[in-house]
Amino acid sequence: MASNVVGKRRWSGAVKQVTKSNFSSALEQIKKHIHESDFIAISTQPTGDFSGASSPSSHRHPWRRVLPVDTSETAYLKAKHAAERFELLQFAICPFRLLGSKVVAYPYNFHLFPRDELNLGMPSYSFSCQSSSLTSMAREGFDFNACIYDGITYSSRAQESVARDRNPVPRMRLMTSSSSPSVADSVFMGRIKSRVETWWKACRDPGKAVDGSLVLSLRKLILGGELYGSRPCLGIDVSSDHQVQLVLKVVGQICDDLVPLIVPDKQGEIKTVRLILTSSEDDKNLLLTEIQSLEEEEDLKVRGFREVLDVISRSHKPIIGYNCLHDFTFIHSKFIAPLPPSMAEFMCSLRLAFCEILDIIHLLKEVGPLRKANNVPAALSYLRRQFFTPVELEIPPQVDSNDKNHGHNVLQIAYLFAKLNNLLKIVPDHQPALEQDTRQVKDFANIFYPCSTTLQDSDDEDIGSQAEKSKKFGTDNVVLLWGFRAGISAAGLKRQLHGIHSVFSENFELQLVDRTCAIVIFHVPGSVENLLEDMRSGSIGSGSLKEMMSDGLKVTGYEAYKKVCRMGLWEADLAESLEMVSSEQTDDLPSNCKNDTSEIYWSSELMINLNDI
Amino acid sequence: MRKQWLLCVLPKTLTLARRSHPFSSSSSGGGVAVKKVTKANFESTLEDLRTRVREADFVAIDLEMTGVTSAPWRECFEFDRSDVRYLKVKDSAEKFAVVQFGVCPFRWDSSRGSFLAYPHNFFVFPRKELPLDGPAYEFLCQTTSMNFLAKYQFDFNACIHEGISYLSRAQEAEALSKLSSAYENELTNSTNTSQENLEIPIVSTADLLFTERIKNRFHEWRNGIMKNSCTDHYLKEEPGCVMSQFQTVFFKMRPAVELNGFNSHQMKLIQLVLRKHFEDLVFIRTPGEEVVFEKKVVYTDSEEDKALLMREVLEDLHRSKEARVRSAVGLRHVIDCLVSEQKLIVGHNCFLDIAHVYSKFFGPLPSSIMEFALSVHENFPNIVDTKHLLNSSHALQYLMKKSSKSLSSAFSLLCPEISSYPMKSAHASYVKFEVQADEAGSSNWTSGAKHEAGFDAFMTGCLFAQECAHLGIKFDLSSPLTNLATNEKLKGYINLLYPSWNSGTVIDLTTGIEKPESNYKRKYPTVLFSNIVLLWGFPSKFKPKDLKDCISKVFGASSVTSIFFLDYTAALVQFSKKEFVNDFLMLKDTLERNPDDPISVLNPLAGLLEGDNTRAADYDTYKTICSSSASKVLFADQAEAAGIRWKTLFSSHSPEAGSSAETRLHSHHVSCEDIIDTLYAARSVS
């Protein structure tokens, strides 16, 4: 029944939809599928994005999108900005196996909602939504009620450790060896010892078991004993971590059948050590497993959906995504820890969690020349036209099939990867290479492109009609220009600039970034310094450049743009942000940044078409 | 046909409705027919509502939002200074979205001796409906608020799928002005054909082939038309070729071709080819379905005809855009109706609601509370707050005793007739209400539930009428109601709102002046803002007590009057004397300048400065940080996002000028860079 037809309809109902109510059963299932898989495809759906292909509304801040003039660093900062702002409502995961030309896929779509289960302001206090994103989800028939009422919550690794401290769940703790006790400690230990022993003896003494309820409650009052389940238990108040250790030490000396539990209060401070009396060795083991499973249950409740990502992380299976910079900034910020300030740190931290990530965009570039396949369907149709790569997709039916088709993107990604893999012959590390010219996953892994694309389907795509020509430029050949007449076209501005300074008489390229700001690339090295130096010193004569400058024209190097991104000055208009940083003295830039010129891929067709706005 | 659902006077007529939705025992009364309004029935409802509002004696409103505070430290605190408090309300109204808007007109029907109420529940969703680059269609959701809405079965699907969108007055004006300037531009451009370069930039052989082919096609098509004008002409079918879609249609009495199936690059090439080679063929865009334009090539037989066509097309375009703007105004039509009818508006603790109405439907919120109040007053000359009435009327206070002043509890206490079931015998002092529902289209009627804007508006209105009765306003059978807004007994309560639930003040909308409320019981002693130091970024292990101990060791046991933690990264410290503020800041600065000096190390404050990230400033800095548009969860992060790079900021208060006027004395303490940082922190605010 599998065919090459790729479409939502064919795959509708194939994706298992997971919410809070069926999460634990789905978790067991997906664990198995992840374990058996060769690769895992993922796809996420945020409440908003700046990449903007989805709708005109995100054009409001055209420059916040990842642009062709972005270096990987600025692209990361833009992705970080989006990831910190928006929330993920759907996370599709599809473990799959490759058997020759057959793909055996097990797609899941998890509905998420950041519910503060523990009342700790986690996982998020608030999040942003773009109405265009929600509207397009609505168009696909997304059930927001199901998502908000019944979405699975989660916490990041960093949040979990905070929650562990603040969530008052009793835990067992190993004793750490401590230095010899002081006098005060000895007194404290002596007191605890006699108290515990009295209680212990009272509990052990069978003679009193027949006492009346009055006596029982009196004894409870005097001894402070209570019950933990059906077992007797005693709470000991402590005021510090040190005292906890002392109590544990004392308890260890008294008897083997006591199990100490540490109970923190709401603020995460330890207030009580609870001693539970067990009747035998077996009983004690029983209690220990009981406590452990309780702890695990509690931990899972805190981790929520992240448990799935932890399973993926532990499996060390290669992860396939489309536009991974976008997806993994979200994943890092929601499920690992707050995003670090630089791309390098981000990649480092990410690699600790997920060792091999394959970006379809990178694989596409390996297959063909750098070209414009803006989304998954476009890439698929490109492949279909250019190569013969028969791939059969098999989706074993899941028990509870449904009529929803959310998360089918992940199937497209798996399918696309299988097709690409026919060409690239990537072999999972654990499989022996049977054929020649096979390549390792690690040859392709962890290369992210600054790419301004989304997974939106779009019917009229420019495919194959134009080979994109892009050239590499160093960022030291780039200046940003603002303060010109609003509403002027790029060609008009270029004409205006032509010849007004020696650098503008040579060939240069100019495009508008938004209504207020243009970017200029010079072909002649050194032009940037020339222009900036002349403008600074004022040696620009009295020609039209001076006129334009007195009308407010301003020029700055690429460094200012980087600084804008680094400082997070995401103003509506880029000119406004640039104005802010350039009003500062230039010499406060760290010197190491100045010499750091990165390369950007510039194509003559800038991705923003202002007419579309 | 209308059916009367009488709640008090004619209980029998209610039985049917009652059975299906029995009133719940106490607070959350159900069984009241509330009209659910979405995109689908908005137009028809609007006409009906206009009439209801015109006839109404007062209109109750209520809003449901996606959140209240964008960060924990943005919550309103009792000791907030008035301007800071307003900034917090402003931030909330700007960042969160309204998802439900409840409107309930009430009319006194003297012949029945009861109020007729018409509760409406509008689902709202700020959708981008115009292709212009307008406002940010981005809003914040507070997770706890979303969960709260979910707990009361809020229908998010109805909201996002079918919610009514809106444009504020400012947005509408902007859209219209952009439209007309775009229109003028296009008009001038169309007459001026020699613009831009006519060179076709051929970048690939594919482009070259395409342009040649398209040129031939258009030649053929035009020749065909010239030969046998007025008969349908089909191009020769060429299998697999895009041109086979060429088919002559008529557009404004002229032969034309619809361009389908070309991508944007090809469209550009087509336009270039037409401009270069065909003087009599015109490329036009006409408004089609949704946002997309239909693209056509039209044959014109003369220059004049061409100009005429262009004008006609542009006029059509303009008209359709204007119509779109009008329809995009959406929910604001309801607000416009309330404003133009100048009715008495009733809300419960409605300052934030009014701020939302202002920012969503009028325009950007003013920067000061006084400006805001006066501007609101211009639009709504009479607003009354039922909560303020409860608190300030002695008669009502007596009735309420000590029970909660929340809407639902006040409603169930004062209007037990409606809120409880089984019904008690109608007491004379209870005002009677009837809810009217239109039987046609019953799917649009829902049974009201607590925390649903339509039903909350209904409760608010009932509560208000009941309050009026307790104040001595008579609602008698067969006597018409005089204007409530000018009623002597109500006079002292109108246009007074609480800026926040715990401010202890009321704002008079007619004057814009905020005054302390007489019978508000303060939890904290009065705050002297000039005695306050704002501290943030200190080690997280510091608890209020540690902070107090630490400062007291330096400035004396009684130097600290109070300490309030905004969150675990920031605190406000109030000193007993104003001088301590500067002394503290000065000392902190000195210690930081000489960190290795033994005196610095031994100073009790050294612990506070650990981590080298502790910042301090006066209360005005707190205001600056509050006004920053960023919304970080932790105050310390917010301060950084607001562009603060310095560690200590001094200010001195000239004794004559009092606390409001001050001059900053930071020239020698703060570097030039710091000043600039602060400047653009202030800029990012504006």
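How many helices and strands are there in chain B? In this predicted model, chain B contains 24 helices and 22 strands. Of the 686 residues of chain B, 41% count as buried, and among its contacts between residues at least 6 apart in sequence, 73% join residues that are at least 24 apart. The model as a whole scores ipTM 0.76 and pTM 0.79.

Among the elements of chain B, strand 3 (residues 58-65) has the highest mean pLDDT, 95, whereas helix 1 (residues 15-20) has the lowest, 32. Over residues 421-426 of chain B the pLDDT is below 50, and this stretch has eight contacts in the model beyond near neighbours in sequence. For residues 653-672 of chain B the pLDDT likewise stays under 50, and the model has 21 contacts for them beyond four places in sequence. Where pLDDT is low, the predicted coordinates should not be read in detail.

The largest nonpolar core comprises 268 residues, of which A:Ala41, A:Ile93, A:Cys94 and A:Ala414 touch the most other members. The largest share of this core, ten residues, is contributed by helix 17 (residues 453-470) of chain B. When its neighbours within four places in sequence are left aside, A:Ala414 is in contact with A:Ala41, A:Cys94, A:Phe96, A:Val103, A:Ala105 and A:Ile320; two of these partners, A:Ala41 and A:Cys94, are themselves among the residues that touch the most other core members.

In chain A, helix 3 (residues 72-85) is mostly covered, with ten of its 14 residues buried. Elsewhere in chain A, A:Leu300 is found in helix 10 (residues 281-303) and counts as partly exposed because 14 other C-beta atoms lie within 10 Å. The C-alpha atom of A:Leu300 is separated by 10.0 Å from that of A:Glu160, although the two residues are 140 residues apart along the chain.

Chain A also holds an open sheet of four strands, arranged in the order 18-19-17-20 with antiparallel pairing. Its edge strands are strand 18 (508-514) and strand 20 (554-557) of chain A, each of which pairs on one side only, and neighbouring strands of the sheet are turned against each other by 25 degrees on average, direction ignored. Strand 17 (residues 478-482) of chain A pairs with strand 20 of chain A in the antiparallel sense over four bridges, and A:Leu480 stands opposite A:Thr556 in strand 20 of chain A. Helix 18 (residues 527-537) of chain A lies across strand 17, strand 19 (517-522) and strand 20 of chain A, and runs at about 135 degrees to strand 20 of chain A.

In chain B, three strands form an open sheet in the order 16-17-18, again with antiparallel pairing. Strand 16 (496-497) and strand 18 (513-516) of chain B are the edge strands, each pairing on one side only. Strand 17 (residues 505-508) of chain B is joined to strand 18 of chain B by four bridges, the two running antiparallel, and B:Val506 stands opposite B:Lys515 in strand 18 of chain B.

Strand 19 (residues 532-536) of chain B is mostly covered, five of its five residues being buried. In a regular strand the side chains alternate between the two faces of the sheet. In strand 19 of chain B both faces are covered, with B:Ile532, B:Leu534 and B:Trp536 buried on one side and B:Val533 and B:Leu535 buried on the other. Five bridges join this strand to strand 21 (residues 570-575) of chain B in an antiparallel arrangement, where the bridge partner of B:Ile532 is B:Gln574. Four bridges join strand 19 of chain B to strand 22 (residues 615-618) of chain B, also antiparallel, and here B:Leu534 stands opposite B:Ala617.

Notes
Residues are numbered from 1 along each chain as its sequence is written. Chains are lettered from A and ligands numbered from 1 in the order in which they are written. This is a predicted model: local features need pLDDT of at least 70, side-chain atom pairs count only at pLDDT 80 or more; totals for chains, interfaces and linings use all residues. A nonpolar core is a set of buried Ala, Val, Leu, Ile, Met, Phe, Trp, Tyr and Cys residues joined through C-beta atoms within 7 Å. A residue is buried if 20 or more other C-beta atoms lie within 10 Å of its own, exposed if 12 or fewer, and partly exposed in between; C-beta atoms are placed from the backbone. Two residues are in contact if their C-beta atoms, placed from the backbone, lie within 7 Å. Two strands pair if DSSP finds at least two bridges between them. Axes are lines fitted to C-alpha atoms, for helices over the stretch in contact, and angles run from 0 to 180 degrees between N-to-C directions. pLDDT is the predictor's confidence in each residue, from 0 to 100.
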